[in-house]
Amino acid sequence: MNRRQFLKSTAAIGTAWSVVPSRVLAAKGPNGKLNVALIGVWGRGLAHYDSLSSENVVALCDVNEKRFPDALKRFPGAKTYVDWRKLLDDHKALGLDAVVCCTTDHTHAFIANWSLNRDLHCYMEKPLAITVEEARVVRANWMMKKGKLATQVGMQRHAHENFNRIRELIRDGAIGELQAAYAWGNRQVKPAGADYDQEKGIIYFKDNPGKPAGYLPDAGTPPDGLNFDLWLGPSPYHPYNPGYFGLGAGANCLSWNMFWDFGAGQIGDMGSHTMDLLWNAVDATLPTSAEAKGDPFNPAITPIKCESHFEHPANDWRGPIRVSWYQGGAMPRPPKDYVDLKKIGHGAMFKGSKGFLIADFVSRLVLPFGDDADFTYYKPRTKDKLLPPVGHFQKQWLDACKNPSLKTACDFEYSGNMIEQLLLGLVAYRAGKKLKYDGATGKVTNCPEANQYLSKKYREGWTLNG
Ligand SMILES: NC(=O)c1ccc[n+]([C@@H]2O[C@H](COP(=O)([O-])OP(=O)(O)OC[C@H]3O[C@@H](n4cnc5c(N)ncnc54)[C@H](O)[C@@H]3O)[C@@H](O)[C@H]2O)c1
């Protein structure tokens, strides 16, 4: 029996072991644990410390060497790296089973691919990718390993029971036939030292009003311990500025994720969580069209205000639907003037033939619509048919690493399709046209010039599918 088979067998009998006294469990020993690498050890990385403390964290990677002493206090003996490529190339020597990644968004698809290509389980913080091509390459790699590896994207709000209740209400007919679904987020995140003119849709540095802001200005040499060139990684060179590192643990992504070279703006930020609230209930894959409009294009910074609309084909339980994403102040029309959707900062609304369902992450509201909306069409399931809870979101992935026949809620197929759709919205925004999309080939079919926005050029030495 090899190590992987051993882990699988211990996971499979886990339920039986739960009735065994704890001293017998302790006898399971270190071989029942996964060897894990944590890439990005501070910020969002801290949120993984507790769940990883039940496993062997054998390697830590961070471009900021100042983060190591504290991380090593929690995971003593782990080998440290500043370059995730070196860590992943050492995977055999480390005996690595799995990777948890909490780095900047522009490295996510790279680290996901490199992990899958080395047969490593992967938990990737959201967003899974920042271009359509990145999302497609990761998903394709995952589809070849599905059932053998475990993947999860860090959309941990998915564990709220509300996600299941919304899905049940829609599937059981509480709003009739599903016709459209809308998700929105109201954040207006700006780079350090910048402000936003909502009227004009322009982001500008406060010391240079009237002129659209760009990447942060050169602020000299990075501090000791910060490997800034590795932080830039596959993205084009930009000079160092402390403004990319100015916010607190878990919030620092709001210092860099609005720049095209480092993120996908609102979409990779709260969009990943909020579209998940919608996506879980509609069983969509890839859209056949995309159109979008928003703030004037800024070559450095993604739009704050923007809305995108997608057509999705029918599936086995519903007809074709339209899915929409609104951000930074753009909002769907409420079903009635007395419904103030703006009271929900990050929410979703589903439109059916008999009414609307409006939700935030933890609550929901059904609004029957029209005189014939009498609920006779609603066939609520019995209690024994309720969808099972996800449970602890990170643990769901750890359990699946030990037994990859177990499903995870936000694997790279589900999350890959979801982020590909949202990123296609940014392509439509840049193209300024309604695009027809062929999900099989990943190409825009009616606007050749839009295809250039599906992918990015990377710096030498950085291979997306390495
Ligand atoms: N799931 C959630 O609710 C949630 C919440 C916050 C952030 N996030 C995601 O987590 C990620 C990190 O966000 P953050 O706010 O912690 O950012 P951050 O800028 O604080 O970075 C986190 C850590 O990763 C390190 N790092 C950055 N690039 C690296 C690289 N190439 N290699 C190794 N280490 C690197 C940083 O030095 C830092 O220690 C983002 O993708 C963000 O979207 C998710």
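Leaving aside its neighbours within four places in sequence, which residues is Glu291 in contact with?

Modeller: This is a predicted model, in which local features need pLDDT of at least 70 and side-chain atom pairs count only at pLDDT 80 or more, while totals for chains, interfaces and linings use all residues. Residues are numbered from 1 along each chain as its sequence is written.

Beyond the neighbours within four places in sequence, Glu291 is in contact with His309, Ala428, Lys434 and Leu435; contact means that the two C-beta atoms, placed from the backbone, lie within 7 Å. Glu291 belongs to strand E10, residues 289-294. Strands (E, at least two residues) and helices (H or I, at least four) are DSSP runs, numbered from the N terminus. Lys92 lies 199 residues from Glu291 in sequence and 46 Å from it in space, C-alpha to C-alpha.

Leu435 is also a contact of Val427, as are Val132, Ala290, Ala450, Tyr453 and Leu454, again leaving aside neighbours within four places in sequence. Val427 is among the residues that touch the most other members of the largest nonpolar core, which has 105 residues. A nonpolar core is a set of buried Ala, Val, Leu, Ile, Met, Phe, Trp, Tyr and Cys residues joined through C-beta atoms within 7 Å. Helix H14, residues 414-431, supplies the largest share of this core, 11 residues. Another core, of 16 residues, lies apart from it and includes Val189 and Phe262.

Definitions and conventions:
Buried ≥ 20, exposed ≤ 12 C-beta atoms within 10 Å, placed from the backbone.
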